[in-house]
Amino acid sequence: MNASAPLHPTPSNADAATALDAAVQAQLSKFSMGLSPISLALAYSDWLMHLAVSPGRQLQLMQQWVSAASPDSAAKSTALDADARFADPAWQQWPFDQLRQSFKASEAWWHAATQVQGLSAHHRHVVSFFNRQVLDAVSPSNGLLTNPQVLEKGLATLGQSWVKGAQQFWHDVLTQQTSRHVGATQLKPLPYQVGKDVAVTPGKVVFRNHLIELIQYSPSTPTVWPEPLLIVPSNIMKFYILDLSPENSMVRYLVGQGHTVFMISWRNPDASDRHLGMQDYLETGVMAAMGEVKALTHAPRIHALGYCLGGTFLAIVAAALGRCQAKSAVPKRRGRQSDQQHRRQDDVACWDSMPELASVTLLAAQTDFQEPGELGVFIDDDQLNTLRAAMARTGFMSGSQMAGSFQFLNARDLIWSRHTRRYLMGEDDVGNDMMSWNADVTRLPERMHNEYLSSLFLNNALAQGHYRLGGQGVALVDMAAPLLVVGTLRDHVSPWRSVFKIHLHTQTEITFILAAGGHNAGIVSEPGHPRRSYQIDHLPQGHGWVDPDDWLAHAPLVQGSWWPAMHDWLKARSGTPVPASPIDASRVVCEAPGQYIEVRYADD
């Protein structure tokens with residue numbers, strides 16, 4: 001060894017070592033579906049080691065396995081299975097009923113196998129999740145010879161459904177291989193064209209900066225409520241999830257009820273935006289839009305509505321504004337003149353350009369991330385390190401990566417059930433506007449995504465009062481505006497019990513709605529949609545804690561769409577209607593839906 005060699009690597013050597021580590025970890029993650037192999041190994045090692053030193057639990061599991069395998073284990077159920085995969089009456093016939101019951105017993109056994117004392121909650125979640133993914137993949141509903149519906153349709157069509165399914169399978173394989181080797185330089189057009197089939201509510205872009213376009217929608221009623229409504233969608237999704245086809249557009253519905261609606265359209269970032277962070281999205285995005293709404297309408301008070309991550313953004317800003325409002329209502333204490341002047345400047349900065357919030361509506365938006373649901377599988381230090389290594393090469397989280405992650409969360413419905421219908425039963429995909437929107441993917445900047453996952457998901461900084469906006473601490477308890485909070489019953493992204501936990505952190509009045517459906521379908525729940533229902537209840541200002549299961553047991557059930565309840569809630573917190581005014585032509589940048597919505601990228 002050279003005695004003159006430095007004991008510590010030079011910066012260039014350190015950078016090279018870091019780059020090498022990142023490259024190796026990125027390659028390893030490809031073999032574990034983009035996840036950290038270390039995270040997966042630690043979870044399964046934790047489970048197996050705790051199971052190995054639990055002979056009593058092993059004995060219980062062995063007895064459960066033998067009992068489930070016994071022919072006299074239980075009487076056959078004559079009721080249809082609640083699992084949609086086995087709901088058809090054909091699954092009640094031999095031998096398919098045996099396959100179904102054996103599979104269900106396996107599911108129950110593997111779930112019980114993860115219930116081992118000493119296993120960490122996160123590792124139990126990871127092991128349970130991946131065990132379920134494997135079980136969903138080998139379900140008898142996915143097999144040509146083990147699914148009675150597939151066999152019945154094949155016989156009824158003289159095998160033509162199988163032939164068509166095989167053709168669709170090879171078509172999809174060839175299409176995927178071609179795009180992978182040739183490279184997709186041009187995107188396929190969306191089935192529902194933006195600005196022609198969807199996002200067609202009349203309006204104008206009235207403001208634009210590097211991060212957002214602000215759309216103002218044209219009034220359709222002779223009078224409007226005096227408080228305009230600003231909608232903050234998630235930057236993970238294109239805004240027109242709330243302005244799909246005219247018959248299921250929330251924007252069109254609200255405009256039709258006399259609301260002056262504004263909508264943020266987020267710019268789809270590229271590699272040059274890798275340094276945009278959460279503060280940029282809050283200040284240049286949400287706060288800039290709120291200031292523009294006040295300037296355009298001269299309204300001192302506005303309603304604000306946030307969806308998914310947009311709701312989290314809105315909650316942070318609302319809490320900061322609530323703090324400013326509370327400070328402005330408290331007389332200044334005597335002190336040094338410079339300190340008093342500094343505090344006055346802070347107050348002016350908060351209030352001169354920002355409106356008061358008449359109400360805040362949060363749709364499927366988490367503010368407490370301690371129980372994030374299935375997304376928690378992807379959140380730990382090792383997994384975030386792997387994700388950082390992947391984003392460091394491109395400067396962003398690609399839309400295809402995010403789309404794949406969301407599919408993975410609900411693989412049973414979005415992958416396996418679709419494959420069964422398309423490849424085994426020969427059925428065409430039934431396209432609709434929401435599926436077309438789902439294909440219109442977006443990116444997330446490297447810094448923003450890192451900060452979002454690390455501060456909110458991993459450290460739960462917002463709920464614990466550690467988050468800061470503009471150098472000032474943010475606490476949810478400072479939210480002063482009344483809250484309408486909406487969760488959805490089958491949400492894999494924002495579980496409703498996690499959304500409900502905002503009751504723990506605020507004292508303002510809260511009306512909570514639990515809607516039937518999932519993260520998207522439960523929100524896009526227009527009047528007239530069949531099989532829709534919701535539960536709703538109200539807690540006054542200064543409320544105490546209500547357990548979510550108790551709330552679920554006692555909240556009234558209402559049939560139909562929850563949108564009219566939202567309008568009634570907004571109306572009750574609005575002033576006397578005023579004559580509608582046209583959009584100020586001098587402020588028009590371009591026609592809605594704007595230019596930022598058109599920015600799409602090939603698969604990366």
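Is serine 359 buried or exposed? Serine 359 counts as buried, at 0% relative accessibility. Buried here means under 20% relative accessible area, exposed over 50%, and partly exposed in between, with a 1.4 Å probe and protein chains only.

The model is predicted: local features need pLDDT of at least 70, side-chain atom pairs count only at pLDDT 80 or more, and totals for chains, interfaces and linings use all residues. Residues are numbered from 1 along each chain as its sequence is written, and side-chain values use heavy atoms, with hydrogens and water left out.

Serine 359 sits in strand 7 (residues 356–363). Strands (E, at least two residues) and helices (H or I, at least four) are DSSP runs, numbered from the N terminus. The side chain of serine 359 is joined to that of histidine 303 by a polar contact of 2.6 Å. A polar contact is a pair of N or O atoms within 3.5 Å; within protein, one must be able to donate a hydrogen and the other to accept it, and residues adjacent in sequence count only if both atoms are side-chain atoms. Not counting residues up to four places away in sequence, serine 359 touches Ile302, His303, Ala304, Ala481, Pro482, Trp569 and Leu570. Contact means heavy atoms within 4.5 Å.

Two aspartates lie in loops. Aspartate 243 falls between strand 4 (229–232) and helix 8 (250–256). Aspartate 243 is buried, with a relative accessible area of 1%. Its side chain makes a polar contact of 2.6 Å with the side chain of serine 249. The C-alpha atoms of aspartate 243 and alanine 199 are 5.0 Å apart, although 44 residues separate the two along the chain. Beyond four places in sequence, aspartate 243 touches Val198, Ala199, Val200, Thr201, Tyr217, Ser249 and Val251.

Aspartate 83 belongs to the loop between helix 3 (55–69) and helix 4 (96–113). Aspartate 83 is also buried, at 11% relative accessible area. A polar contact of 2.7 Å links its side chain to that of arginine 85. Leaving out residues up to four places away in sequence, aspartate 83 touches Lys104 and Arg412.

The largest cavity holds about 80 Å³ of space. Of its 13 lining residues, the closest to the centre are Asn235, Met237, Trp266, Arg267 and Thr442. A cavity is a set of points, on a 1 Å grid over the protein atoms alone, where a 1.4 Å probe fits but cannot get out; lining residues have an atom within 4 Å of a point. Grid points are joined across faces, edges and corners, and a volume is the space filled by probe spheres set on the points.

Technical notes: 1 Å grid on protein atoms, 1.4 Å probe; cavity = no way out; pocket = protein on both sides within 12 Å on 5 of 7 lines; lining within 4 Å.
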